[in-house]
Amino acid sequence: MSGDVGDSQDIALMAPPMMGAAPPHDQSAPESDALGAIIAILGQRAGHDFSHAMPLTLRRRVDRRMRLSHLRSLEAYLARIQENHAEADLLLRDLLVGAAEFFRDPAAFDALAATAIPSLLRSKGGGVPLRIWVPGCASGEEAYSIAIMIHEQLSQLDVALPVQLFVTDIDEAALAAARRGRYDAGIAAHVSPERLARYFVQEHEGYRVSAPIRELCLFSAHNLVSDPPFGRMDLIVCRDLLISFDAEITRQIMPMLHYALAPGGYLFLGTAEGVDSTDGIGELFWVVDAPHRIYQRKERLVRQPSALPWAVTRRPPAGLAGGGGRSMAPGALDIGATLEQILLRDFTPAAAIINALGTVAYMTGNLHPFLKVPAGEPMINILAMAHPDLHLPLRVAIRTVVQEQVQVVRDDLEIVTDDGVQRLSLTVRPLVEPGVDAGLMLVAIQVLGPPASLGPRRVGEREAGDPTDPVAQELQRTRDTLEATISELQEANLDLKMVNEELRSLNEELQAANEELQTSKEEIQSINEELQTVNVELSRKIEELDRANADLANFFASTQIPAIFLHIDGRIARFTPQATELFALIESDVGRPITDLNARFSDGDLHAMIAQVIQTLAPAEMVVRQPDHKRWWNVHISPYRTLAGVIDGVMITFSDISTLKRTEAVLQEAHDELERRVEARTRDLALANTAIQAQVEERIRSEHAREKLLQQIVTAQEEERRHIARELHDEMGQDLTALILGLKALQDVVKVDPRSVDRIVQMQVMAMRISQKIRALAVQLRPSVIDDLGLLLALSNYMEQWSVQANVAVDLHSSGLDGVRLPLAMETTIYRMVQEALTNVLKHAHASEVSVIIERHSGEVRVIIEDDGAGFVVSAPSGGGASAQHLGLIGMRERVDLLGGTLTVESAPGSGTTIFARIPLPEGAQGDGHVANDNLSGR
């Protein structure tokens with residue numbers, strides 16, 4: 001048979017139900033009786049048996065309630081809870097309260113996540129759900145902790161595995177709290193911020209478990225002791241629940257947990273519990289992690305009998321071999337009783353009571369050597385203990401009795417024993433006596449004479465070829481019968497296997513139906529909770545409606561607004577007291593048509609407007625005057641809509657606008673006066689605008705003239721620089737060269753006079769220094785290399801010389817300037833910018849490093865000059881002492897403006913200075929070669 005059937009057989013053979021735990025020895029009899037009565041009352045209130053609770057725990061809870069009730073004896077407290085059911089409920093609540101917090105003992109949860117959970121997830125496949133049972137959930141923290149841990153593992157594995165997490169408890173209030181999943185802010189001490197953000201939703205002053213985690217859990221009321229367990233569980237989390245039971249119940253619950261686990265399933269206990277702490281329980285589980293109480297189900301082990309009420313128990317036999325029966329006093333024995341004992345001992349055949357599976361329920365008589373207990377695992381099946389020569393006839397007889405319910409007798413059996421060949425008579429018949437369980441059979445074995453000697457040849461060893469030997473013929477018939485019987489047994493085994501599979505499928509279907517019913521029950525409970533919520537909401541709405549009616553009445557009374565409510569046919573439904581100022585209304589006018597009343601105002605057809613609003617369903621307004629009181633009213637008529645959107649009449653409200661009318665008259669007069677002033681002021685502004693336009697045109701002409709003049713100045717400056725540079729280089733350079741040559745010749749002439757030679761040498765050095773300065777000055781004024789070789793070479797020469805002179809590192813980076821030269825005016829402007837910037841760095845910045853970047857792309861040239869000097873305040877005013885420092889920047893900005901570009905400066909004291917310039921390329925120079933353009937403005 002399969003493992004499931006074996007487990008069912010083991011459970012079916014459990015012992016009778018247990019008795020309640022005995023009270024401690026130090027308790028007196030009255031106290032024990034009172035405590036038992038208290039337990040009975042608690043059982044009636046809760047519907048559960050508390051006799052299996054730990055006596056010390058129960059007495060400790062009772063003592064606590066006695067102290068709070070100011071009672072000194074158990075008898076007095078018993079009388080108290082008999083009279084006051086609320087006190088019994090309080091004691092029951094104390095007993096049911098359990099320690100609950102998220103991830104209690106984090107090291108144990110980490111060990112479970114590292115060992116059992118990965119193994120279970122790896123073993124699942126093909127959509128088979130992961131089944132977990134958490135008995136004794138209390139308020140649900142531990143169940144949700146397991147659900148969060150499973151969700152984290154599944155997220156890491158990135159697999160979609162169905163999870164069924166059954167959460168049970170006997171306390172309906174605790175289950176309701178667990179279903180809601182709401183907890184106070186104190187859980188932040190036990191849950192990490194990452195888990196709080198991912199698996200919880202903050203509500204009011206606490207947290208609620210997110211919907212995906214709550215949907216994993218199926219909550220149900222279940223008593224671990226009296227209700228049937230769940231089956232095929234991969235993991236059972238039963239932490240610190242067993243310590244509330246006595247040792248006897250714990251020994252009986254452990255086999256039930258073993259049965260509830262699937263093969264290879266895990267058991268997760270609390271730190272104060274352990275399967276090794278009870279007698280024989282450790283044989284049911286492997287120890288996976290002893291410190292953290294993680295165990296795994298063992299297979300093919302001897303089951304300990306359990307006495308749980310749900311277990312199918314066998315009826316105890318009337319007596320046991322070697323014991324039981326009526327006990328008689330020695331003096332009551334007589335010769336008849338002695339004779340009966342002799343007959344029972346010496347002449348009664350060996351017999352056994354078995355069921356249809358061959359399981360022995362009772363044995364009597366001398367069964368040796370017919371039945372023997374084999375070595376190894378203990379057996380209670382008669383076929384496993386039968387003598388080899390008796391095995392087949394016994395199997396055939398049992399099968400016949402089971403199928404046909406008739407008695408089977410075999411008188412021709414022989415078995416080989418140590419004493420020889422023993423002839424036997426085997427009788428198997430069903431037990432039909434009254435009071436006996438159905439399905440039981442009696443197996444009786446009677447010895448027929450003394451054993452015969454084996455002789456030289458055994459009976460079974462005679463030659464089968466002798467047709468005249470009756471023994472051989474009988475042996476052949478026996479062999480034929482055995483072959484047929486074996487064939488029938490094989491077919492029967494196949495049928496049994498099929499039936500077993502069908503039963504297993506039916507069991508799974510029933511389990512699924514049970515789970516669906518449980519889900520339906522939870523849905524109904526959820527709908528009930530929703531209905532209760534809706535009821536509370538409706539009650540709150542009614543209170544809000546009453547409050548709104550009161551607020552509306554107080555609003556009309558405090559605002560003094562005249563208002564009249566009309567039905568759809570024009571009859572008055574309600575009016576405010578202030579409406580009597582406009583109509584002659586009294587309380588009895590409610591229900592009268594408004595057309596029957598005279599209005600105390602004029603300048604309006606109220607009835608026509610009411611009819612128009614009812615017809616068009618659009619609000620309307622008009623202004624009426626009350627001549628008697630010199631008052632003006634704004635009449636607003638709008639459809640009256642119910643909350644369902646149905647038009648059920650009109651509402652007329654009157655707003656006193658007398659003050660507004662008077663103010664309007666005053667404002668009209670002021671408006672007329674203002675119009676007159678505005679017309680006069682407009683004429684003045686027109687004259688001033690004409691003068692301003694003339695000034696603006698003059699300013700524009702001046703700006704154009706300034707730009708033209710600036711352009712001419714820059715052009716003239718460059719021309720003058722070129723002319724002066726040429727004069728310095730050509731004329732003064734030649735003159736200095738002639739002077740140096742003349743001094744050289746003079747030195748050769750006056751060699752005889754050392755003093756004159758030294759003087760001439762000094763003059764040569766001075767002349768050469770002057771020549772170098774004049775050459776450098778000419779280059780600074782107008783470097784000819786720009787005209788001949790371009791901007792980059794001119795800047796490289798200048799920056800190299802400047803770096804040597806200023807002892808400052810200078811880097812030049814360029815991009816896009818290798819192939820096509822820029823216009824001459826743009827190259828000159830960039831050169832002057834760099835020249836002016838380096839001059840400012842040398843004079844004011846005191847920098848140690850300068851970087852110059854020139855890039856050409858997207859129809860423009862970008863220039864960036866950056867130093868790490870002292871910096872300055874860019875927003876400083878240009879006047880006063882700061883103007884001299886900013887003249888260079890002003891000149892650079894004017895040059896860039898002439899080319900249509902922009903120049904910005906970023907600087908701060910101590911942070912260096914960065915100059916950004918963006919100069920657009922002329923259309924003729926974007927894809928062309930060098931364009932000689934003397935117009936420095938570039939426009």
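Author: **Salt bridges**

A search of the whole structure finds 16 salt bridges, each being a side-chain nitrogen of Lys or Arg within 4 Å of a carboxyl oxygen of Asp or Glu. The model is predicted: local features need pLDDT of at least 70, side-chain atom pairs count only at pLDDT 80 or more, and totals for chains, interfaces and linings use all residues. Residues are numbered from 1 along each chain as its sequence is written, and side-chain values use heavy atoms, without hydrogens and water.

One of the pairs is E152 with R195, whose closest N and O atoms are 2.8 Å apart. This pair links distant parts of the chain, with E152 in helix α8 (residues 141–157) and R195 in helix α10 (residues 193–199), 43 residues apart. Helices (H or I, at least four residues) and strands (E, at least two) are DSSP runs, numbered from the N terminus. E152 counts as buried because its relative accessibility is 17%, while R195 is partly exposed at 22%. Buried means under 20% relative accessible area, exposed over 50%, and partly exposed in between (1.4 Å probe, protein chains only).

E860 and R918 also meet in a salt bridge, at 2.9 Å from N to O. E860 lies in strand β23 (residues 860–867) and R918 in strand β25 (residues 913–920), so this pair ties together parts 58 residues apart in sequence. E860 is buried, at 13%, and R918 is partly exposed, at 43%.

Within helix α18, R701 and E698 are three residues apart, which means a separation of about one helical turn. Their closest N and O atoms are 2.4 Å apart in a salt bridge.
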